[in-house]
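Q: Here is a model to go through by its computed values. Let us ask what stands behind each label.
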Amino acid sequence: MTENLPEFIVQGEHARLFPVLSTTSKEGRTTSIVLACMAKIDEFGVSLLASIGQKVGVRTKMETYTEVVCKERPLKSKDRPDGLIILKNGSREWRALVEAKVGSNELEADQVERYRQLAKDNQINCVITISNQFATTPKVHPLAEVNKSRSKIEVYHWSWMYILTEADLLISQDNVADVDQKILLNELRRFLSHESAGVKGFDRMPKEWTELNKLVSSGGVIAAKSTDAAAVLLAWHQETRDLTLILSRLTETSVTERLSRKHKTDAPSRVKDELVTLRDKKQLTSVLEIPDAAAVVEVAADMTRRSVDVGMTLRAPEDKVSTKARVNWLMRQVKSEKVDDLYVRLLWPGKNEPTQHTVSELRLDPDLASNGKEHLAPHSFFVFRSKNLGGRFTQQTNFIVDLEEIVPAFYRDIGSNLTAWKRSAPKIKDARSTAEDVSADAISEDAQTYDPSA
């Protein structure tokens with residue numbers, strides 16, 4: 001179909017909700033349906049495009065196409081992007097090529113670079129890739145080669161699970177105003193969650209995970225430029241992104257990973273910095289931010305102990321003086337009866353080393369926390385579950401299965417019940433209860449009668 005196409009496109013058609021394609025064309029069918037829904041469901045299109053910095057206003061017109069062939073392209077080129085998005089706002093026009101993979105098909109850096117050149121030749125602003133690979137943010141691509149490219153054409157990435165999660169949140173939060181559009185979005189949610197769509201979460205660590213565990217368990221040292229460690233870190237970043245999406249769907253709110261400003265946009269720098277932690281501590285770590293939670297959720301996979309630790313740090317209540325009173329304040333919040341492998345690490349002022357007890361022990365005898373620290377009071381508590389996975393820790397699939405059970409379970413049973421301590425609102429003192437009591441004359445009189453020893 002070639003009629004009514006933009007001038008820089010010689011072949012393609014508008015994205016269809018019901019594409020007439022071969023049953024083997026999963027990518028084409030899924031991409032067409034999603035792009036059509038972006039154009040037809042206002043809030044859905046706004047949400048996805050906002051993630052890559054594009055604002056869709058009331059007057060913005062969105063057009064989406066599939067199977068496009070660009071006018072300016074290399075001779076004999078068979079490249080045909082899966083989709084095209086155009087935003088029109090007055091005289092301003094923004095364009096994005098879309099390349100999608102479903103199931104186990106993965107993106108290829110060479111193809112992405114060719115699409116970058118295609119975009120440049122046809123005055124298209126950027127390329128958006130979609131696959132079952134995960135990116136911490138849409139602006140950091142899961143392929144390292146794409147991030148290192150010198151091309152000035154931006155490449156953004158959405159995982160299919162991210163798209164499904166955005167649809168799920170819009171439905172669960174009742175954020176779609178039009179009833180017909182709400183029904184359509186729910187149908188998209190139903191379609192994407194069916195196995196025939198080829199959408200799946202991160203479910204397997206790379207083969208380097210097994211090799212790195214063998215190295216650590218044998219007492220080996222992780223090299224500063226270990227390719228195995230780099231591969232493991234990149235996989236870990238995909239998994240922690242999938243964890244945020246899982247928690248987002250469970251809590252019906254947007255869960256994110258806490259990263260420094262630099263790490264949000266510079267994937268190589270993040271890998272380099274986290275390699276230091278992996279080498280020194282033999283740990284993979286992540287910090288997850290859940291809106292309105294008492295604290296961030298800290299996750300650590302310890303390769304030496306073959307365990308997963310997940311917990312939250314709470315500031316101790318300063319209006320309680322004794323250690324016992326502070327511990328009791330915390331114990332009242334730990335309402336779960338499932339306290340196996342649940343610990344409290346007490347953080348003390350100055351250079352005093354942290355101490356640690358099981359929740360079971362502190363429930364029976366909160367005075368235990370004061371042993372050897374009778375004249376001190378803890379300033380913070382780290383409440384955490386430590387789960388030893390044994391041999392499953394080193395296995396590519398079982399490690400992910402267990403991690404995705406442990407982290408949500410901790411937040412469901414423990415973390416969601418915790419409340420951060422905060423100071424009480426200041427009171428107006430009895431001796432200064434009116435404006436007259438704090439007038440210049442009153443303060444002058446108070447200053448004259450002031451007794452510092454009283």
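A: Buried means under 20% relative accessible area. The model is predicted.

Q: Why is tryptophan 209 called buried?
A: Its relative accessibility is 0%. The cut-off is under 20%. Tryptophan 209 therefore counts as buried.

Q: What makes phenylalanine 399 buried or exposed?
A: The relative accessibility of phenylalanine 399 is 0%.

Q: How many aromatic pairs does the structure hold?
A: It holds six aromatic pairs.

Q: Why is the pair of tryptophan 209 and phenylalanine 399 called tilted?
A: Ring centres must lie within 6.5 Å to pair. Here the centres are 4.6 Å apart. Planes under 30 degrees apart would be stacked, and over 60 edge-to-face. The planes of this pair stand at 35°, so the pair is tilted.

Q: What parts does the pair of tryptophan 209 and phenylalanine 399 tie together?
A: Tryptophan 209 lies in helix H7, residues 207-217. Phenylalanine 399 lies in helix H13, residues 396-413. The pair therefore ties together parts that are 190 residues apart in sequence.

Q: Why is the pair of tryptophan 236 and phenylalanine 399 tilted?
A: The centres are 6.4 Å apart, and the limit for a pair is 6.5 Å. The planes are at 35°, so this pair is tilted. It links distant parts of the chain: tryptophan 236 is in helix H8 (residues 227-251) and phenylalanine 399 in helix H13, 163 residues apart.

Q: How do you know whether tryptophan 236 is buried or exposed?
A: Its relative accessible area is 0%. Under 20% means buried, so tryptophan 236 is buried.

Q: Which residues do ring pairs link into a cluster?
A: The cluster holds Trp209, Trp236, Phe393 and Phe399.

Q: Why is threonine 277 called partly exposed?
A: Threonine 277 is found in helix H10, residues 267-281. Its relative accessible area is 28%. Buried needs under 20%, exposed over 50%. Threonine 277 falls in between, so it is partly exposed. Leaving aside neighbours within four places in sequence, it is in contact with Lys282, Gln283 and Thr285.

Q: How do you know that the span of helix H5 agrees with what it should be?
A: H5 has 13 residues, 160-172. At 1.5 Å a residue, they should span 18 Å. The end C-alpha atoms are 18 Å apart, which agrees.

Q: Why is H5 called largely enclosed by the rest of the structure?
A: 12 of its 13 residues are buried, so the label holds. Among them are Trp160, Tyr162, Glu166 and Asp168.

Q: What is the phi of aspartate 174, which follows H5?
A: It is positive, near 55°.

Conventions
Residues are numbered from 1 along each chain as its sequence is written. This is a predicted model: local features need pLDDT of at least 70, side-chain atom pairs count only at pLDDT 80 or more; totals for chains, interfaces and linings use all residues. Side-chain values use heavy atoms; hydrogens and water are left out. Helices (H or I, at least four residues) and strands (E, at least two) are DSSP runs, numbered from the N terminus. Buried means under 20% relative accessible area, exposed over 50%, partly exposed in between (1.4 Å probe, protein chains only). Contact means heavy atoms within 4.5 Å. The expected span of a helix is 1.5 Å times one less than its number of residues.
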